[in-house]
Amino acid sequence: MSVQTLNVVVQKRQEQGEGVVVLDLADPNGQPLPAFEAGAHVDIHLQPGLIRQYSLCGDPANPRVYRVGVLKDPSSRGGSVAVHERLVEGQAVQISTPRNLFPLVADAQRSILVGGGIGVTPMVAMAYALHARGSEFQLHYCARSRSLCGFIEELQQAAFSPRVSTHFDDEEPSQKLDLETVLGSPGEGVHVYVCGPGGFMDWVIGEAIEAGHASDHIHREYFQVAVDNSGQSFEVVAARSGKSVQVLEGQSILAALAGVGITIEISCEQGVCGTCLCDVLEGEPDHRDVYLTDDEKAANDQILVCCSRAKSKKLVLDI
Ligand code: FES
């Protein structure tokens, strides 16, 4: 699967809250960009070998701008710092075309959007889309402090602002998120969407399951996931060179291949971005990523070698 790229420029840069930068990316010649759906993200190529994924948080009805919001995280592996330091207005940058792994359910009767911190970004685009459809929804934006947040002004001024609630840890207890009430009673057409830090997502998902929401009505987007390399060893064959290597328990396919001199382009190393995608010629993958869709996983003809393993004793890859 090849990922198409686009050349864009930073048309506008705004600092919002402490540590959040909001960038509007546009075609250098003012042409419309490919359409995107709420929930989609783009890969931003920050430098060779440094590609990061950011949710599109603008209005999907505006094809002239891709808006992203990036929190500066000094403990990150370089992506957010590079965005903050390098992506100034006028800067050219290469991005992928949008890909949506977190789509809205088209026929939902009610959508409950819960965003934690910078995890609100896909929810902002979802709110625009749901409002445009005339759908019933509520957006809950939770954060440690108002001063740390982007998008507050935009959400207050949006036509759908009555559907937005904010919840801050350092403000009045009465405004804190009451999940039990927000999740309410589950129903056939009720869908819950959550994005944010891992602990926050676990809390929301756990409460939603507890409240009786069906797991396929709880939609989630991770921006960081733990990689699990446990499992039996297996053989990987690189078909183009004929090289073969044993992938040991606790080792990634990526690391095993590097040991025999085969390097694969990588970015997140967590099964999130899709950069290390390889075609499978033989064998059955044990998919452990959050990038491929369920259908793509079921096809078993592609694998993300940074995190996935094999169910079969041997995997032959088209590399
Ligand atoms: S490097 Fe991102 S999915 Fe493997």
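The model is predicted. Its mean pLDDT over the protein chain is 92, and 97% of the residues reach 70 or more. Among the elements of the chain, strand β19 (residues 314–317) has the highest mean pLDDT, 98, while β4 has the lowest, 87. Where pLDDT is low, the predicted coordinates should not be read in detail.

The protein chain is divided into three parts: domain 1 covers 5–100, domain 2 covers 110–221 and domain 3 covers 234–317. Between the C-alpha centres of domain 2 and domain 3 there are 35 Å.

**Strand β9 and its partners**

Strand β9 spans residues 136–143, and because six of these eight residues are buried, β9 is largely enclosed by the rest of the structure. Strand β8 (residues 110–116) runs parallel to β9 and is joined to it by seven bridges. One of the paired positions links glycine 115 with tyrosine 141 of β9. On the way from β8 to β9 the chain passes through helix α2 (residues 121–133), and this β-α-β crossover is right-handed.

β9 also pairs in the parallel sense with strand β10 (residues 164–168), over five bridges. Here alanine 143 has phenylalanine 168 of β10 as its bridge partner.

| Strand pair | Sense | Bridges |
|---|---|---|
| β8 and β9 | parallel | seven |
| β9 and β10 | parallel | five |

**Helix α2**

How far apart should the ends of α2 be, at 1.5 Å a residue? The 13 residues of α2 should span 18 Å, and its end C-alpha atoms are 19 Å apart, so the two values agree.

α2 is mostly covered, with 10 of its 13 residues buried. The buried residues are Thr121, Pro122, Met123, Val124, Ala125, Met126, Ala127, Tyr128, Ala129 and Leu130. Just after α2 comes glycine 134, with a positive phi of about 75 degrees.

Methods: Residues numbered from 1 in each chain as written. Predicted model: local features only at pLDDT ≥ 70, side-chain atom pairs only at ≥ 80, totals over all residues. Domains from an automatic or database assignment. Buried ≥ 20, exposed ≤ 12 C-beta atoms within 10 Å, placed from the backbone. Helix = DSSP H or I, 4+ residues; strand = E, 2+ residues; numbered from the N terminus. Pairing = 2+ DSSP bridges. Right-handed = clockwise from strand over helix to strand, strands pointing away. Expected span 1.5 Å × (residues − 1). pLDDT = per-residue confidence, 0-100.
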